[in-house]
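I opened the notebook on this model today. My entries follow in the order of looking.

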Amino acid sequence: MTRSIYLLISVFVAFVSVSCEEIIEVNLNEGDPKYVIEADLTTLSSDQFIRVTQTVPFSADIPSKSIEHALVSVSDSRGQVFNFTYQGEGYYSFKNLKLQENVVYDLSVRIDNELFEATSRLEDFVAVDSLGVIEERIFNEPYYFVLLKFNDPIDIPNYYRYSTSVNGSTFKFSSVFNDKFNDGLFVSHEITNSDNSLAIGDSVIVRRQCISKDVYDYWNEVQFANPGNAAPSNPKSNISNGAFGYFSVTAAKEYGVRIEML
Amino acid sequence: MRYFLLVFTALFLSISAIAQEKITISGYVKDAASGEVLIGAVVQIKGTQSVTSTNNYGYYALQVAEPSVELFVSFVGYQVLEQSVNVTENKRYNFELVSLENQLEEVVVSMKKQNDNVTNAQMGAFNFTMEEVKNIPVVFGERDILKTIQLLPGIGKGGEGSSNFYVRGGGSDQNLILLDEATVYNAAHLLGFFSTFNSDAIKDVELYKGGVPAQYGGRVSSVMDINMVDGNNKKFAAEGGLGLIASRLKLEGPIVKDKGSFMISGRRTYADLFLKLSNDETVNQSKLYFYDLNAKVNYRFNDKNTLYASGYFGKDDLGYGKLFSFDWGNATATVRWNHIFNEKLFSNTSLIYSDFTYNVNVSNNDRDFTIASKIENFNLKEDLSYYANNNNTLRFGINLLRQKISPASLNAGEESSVNSIDIESRSGIEAAAYISHEWKPSSWLSMIYGLRATDFMVQGPGTFYEYDEDGDPIGEQSFDGGVIKHYFNLEPRLSLSVILNSEHSVKISYNRIAQNLHQLTNTTSSLPTDQYVVSSLNIKPQFADQAAIGYFRNFGNNAYEFSVEGYYKFMDNQIDFRNGADLQANKYLEGELLYGIGRSYGLEWYLRKSKGKLNGWISYTLAKSERQFEQINDGDWFNARQDRTHDISVVGMYELSKKWSLGATFLYYTGNAITFPSGKYQVDGRTLFYYTERNGYRMPDYHRLDLSATYEPKKENKRFHSSWSFGLYNAYNRRNAYIIDFRENEDNANVTEAYKVALFGIIPSVTWNFKF
């Protein structure tokens, strides 16, 4: 709802005002560097990757700084320990880690003398009923969305996360949903890529993950960060000790669609 | 409460005792042409300190010691009336003043009692009639009282196009805005570009930013008391204007000549008519407009009884095709009965209703739903003024206010893929009693002191939750009805003036105010969808304690007014939010709230010239406003968003000739405190920003010059007047930053950049006004 209102407001502002946009120089401080851990383990493959990086100053010409000497491991509630090895560009991998249902996984990342930990458990996957593409016209401009329809399980809170890959590019975060307003109903999710630019002829892969509440909260803060927010803040991570990023263990599936003239 | 009654009785008895038996003259002061009563008109016995002014209903009472006296009756913009009266018994004298506007020859202009700003005990107050501010330039040519008061010292501007204002570092929800005594919850149209106050329907505005008198309560930072025009009771009149954005029309006239009158005033914007021209069906079915309707009737039954009924209704409607519509608006209704028990005891009984609602309709494929939210109040007030003698006036009264909040509920159709959600409504009753004594013990000292006692009663039915430190619910309690909790508060008020001589004085003031209605805003511009909450088991009443001291000086035969005021304000039980708080349709909303304290302090300079061809004012505020929350910014003090170090306004109005008058305003203020990133990182291929300190950065400084010119052609006939107003908003086309945001560079995602969005460049406007 808030999102629709923002859309309307931005349309309104664009309409009434001869608003103009201009690149400016802002003198920004450098905060103490923070570690960033992206640990997204899925059932898609038994090759699992975890990335460890560090924040960089705003003016840096790199998006983040890779950390090469971290000790990264995942252990499960059955006592198994998986030690990840460094691959480059901040990525650590483990070749044969097949996620099991009803198992609790613990993440441990040690960098010098600092230890960062998190816990996650595999959530049940909610099957998709049908798949399609729809076009919506906003001020005469066509926008395309991949449509996923499914039955939301009743009486339990469910959280969904989508990432997209367009024409073979790397997967990028698209959106997260909860079932606060449609628990137990036949639900449609409209998915687009991160900058809302799907076009005729694109082939899109949508990755759907059923996530836990803390991971949902993290991504929900990311997706609702907007310039109208009075007090932007760092999304709340489920990893201890002040690290940024998230640890998520999910059942995931991918759906491929081609955007075609309707 | 018992303590309060004791004080009240003691004060009342002692004042009654000193109210010696003298003759009292009383009555109304009115405009000679329209019969409209004048608020704050001064009645003075020539050559003495005996002076009084009319109340909100134009009534005055003055004691005379001798059987024959010479009276001066004056009001801003009117010719001074000099009249001798012979009195042997208590008698009614009504005075009619002639407006200078209808004078052909230049005559002496009177500004109330000319040194009232020095001698009056009230501090931290401003009073404007619409007539005084008519030549101040405004955006889109729409005169707007909310924009005008933002040019005064200590009143922080809400930013480009905003109707919000921040008084002495307080929040925008801490201002009590009253229209004929009814609370206006949302004073903004079109998200703040216009205010809900149509200038045609408004007579006068009184603003208190400190030393708030005891008859007001409920918001901790300020009171803005707006009175609607009563209506011409001598002849039928019409007035209106055609502008680029909006048009207005006002009709007024007598119901029974000299006894009763009506006024009805409307305004509507028509920007949406251009949408109709579009070929696109979605666009030409879209809506974008607002309207206002003000109406008032009054009838004087006899010398002792007058009845007033007034109301306001306004609505904004935005819609995108048939897919989405969003409307919101305020409604108010006030019925007032003035009763004069005797010359000295004036009573007003008010029954007031007001509400604010918004509705969202979405009909998109299989997702049909509506969202409706409402906040409303019923208010019963009894206010009495006892004019014991010329040095003692006692005001006392009681007030019973019931507020009910029905938060946004979601109503979905049967086939919809959305569930209906119903959030419990909340209500509370605030019972208040006050007494206030305006006292002039000697020629060098005057004061207004008082006490307001309030009892806020949290009402059932409802389910109230308990929360742990992280805001997660850990327990619940259900109540059927009745009073769940009382919050008792005693609010002392004082404003005192030490008059050094007729040209300068030192004033001090103190007030404590409690507030039980809280607005939850987590965006930089407040939206109609902002949630309101009343005090509950978790949410405690907000408090502000404010002390101020000021020096007031007039010179050049009262042509110049100068003042400097310093204040310190402490605010308790302030509200902020947890990161990522979910404020919409959330029954655990209170778990998302954080409570902290605030402090603000500052110095305000004000120099005004109110005589001559050139008049206007300069105001400068040097201030600080901070907040402290245990869970925010590591518990350290941080700047409130509206913290402005420097804030300067210059307003000039110049009468070039009989036909042309010019106006100019210049503003400069320090940019808002804001949170900017101090680094960046990447998660899942998306660049995120790293924030370290709440509100640790500043928006760029804001400045702007507006110009206006008014052309009044020579009056061709007596009845019909017309004038043209030309305006130039942002005359030197300054691109003030409305938003500054950060993003990945389009060509190279590794590089991040900052950009600003400016809202308004130079905007010309023209309005044709008429009157007959």
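Where is the place of B:Pro461? I found B:Pro461 in the loop between strand 28 (445-459) and strand 29 (462-467) of chain B. Helices (H or I, at least four residues) and strands (E, at least two) are DSSP runs here, numbered from the N terminus. I then checked the peptide bond from B:Gly460 to B:Pro461, and it is cis, with omega near 0°.

**Ground rules.** I note that this is a predicted model, in which local features need pLDDT of at least 70, side-chain atom pairs count only at pLDDT 80 or more, and totals for chains, interfaces and linings use all residues. Residues are numbered from 1 along each chain as its sequence is written, while chains are lettered from A and ligands numbered from 1 in the order in which they are written.

**Confidence.** I looked up pLDDT, the predictor's confidence in each residue, from 0 to 100. Chain B averages 88, and 93% of its residues score at least 70. Over residues 104-112 of chain B the pLDDT is below 50. Beyond near neighbours in sequence, that stretch has 16 contacts in the model. A contact means that the C-beta atoms of two residues, placed from the backbone, lie within 7 Å. For the complex, the predictor gives an ipTM of 0.90 and a pTM of 0.89.

**Chain A against chain B.** I read off the interface: 64 residues of chain A are in contact with 63 residues of chain B. Several elements give two or more residues to the chain A side, including strand 1 (20-24), strand 2 (35-42) and helix 2 (213-224) of chain A. Helix 1 of chain A gives the most, with seven residues. By class, the chain A side holds 31 nonpolar, 21 polar and 12 charged residues. The classes are: Ala, Val, Leu, Ile, Met, Phe, Trp, Tyr, Cys and Pro nonpolar; Asp, Glu, Lys and Arg charged; the others, Gly among them, polar.

**Strand 1 of chain A.** I followed this strand across to chain B. Strand 1 of chain A pairs with strand 49 (residues 752-758) of chain B in the antiparallel sense, over five bridges. Pairing requires that DSSP finds at least two bridges between two strands. A:Cys20 stands opposite B:Ala758 in strand 49 of chain B. A:Glu21 has its place in strand 1 of chain A. Not counting residues up to four places away in sequence, A:Glu21 touches B:Tyr755 and B:Val757. Why does A:Glu21 count as exposed? Because it has 11 C-beta neighbours inside 10 Å. The cut-offs, with C-beta atoms placed from the backbone, are 20 or more other C-beta atoms within 10 Å for buried, 12 or fewer for exposed, and in between for partly exposed.

**Positive phi.** I checked two residues other than glycine. A:Asn102 has phi near 60° and is found in the loop between strand 8 (91-94) and strand 9 (104-111) of chain A. A:Asn102 counts as exposed because it has 8 C-beta neighbours inside 10 Å. B:Arg168 has a phi of about 45° and is found in the loop between strand 11 (165-167) and strand 12 (175-179) of chain B. B:Arg168 counts as buried, because it has 28 C-beta neighbours inside 10 Å.

**Domains of chain B.** I looked up the division: domain 1 (22-75 + 77-110), domain 2 (119-225) and domain 3 (226-771). Such bounds come from an automatic or database domain assignment. The centres of domain 2 and domain 3 of chain B, taken over C-alpha atoms, are separated by 7 Å. Their contact takes 66 residues from domain 2 and 114 residues from domain 3 of chain B.
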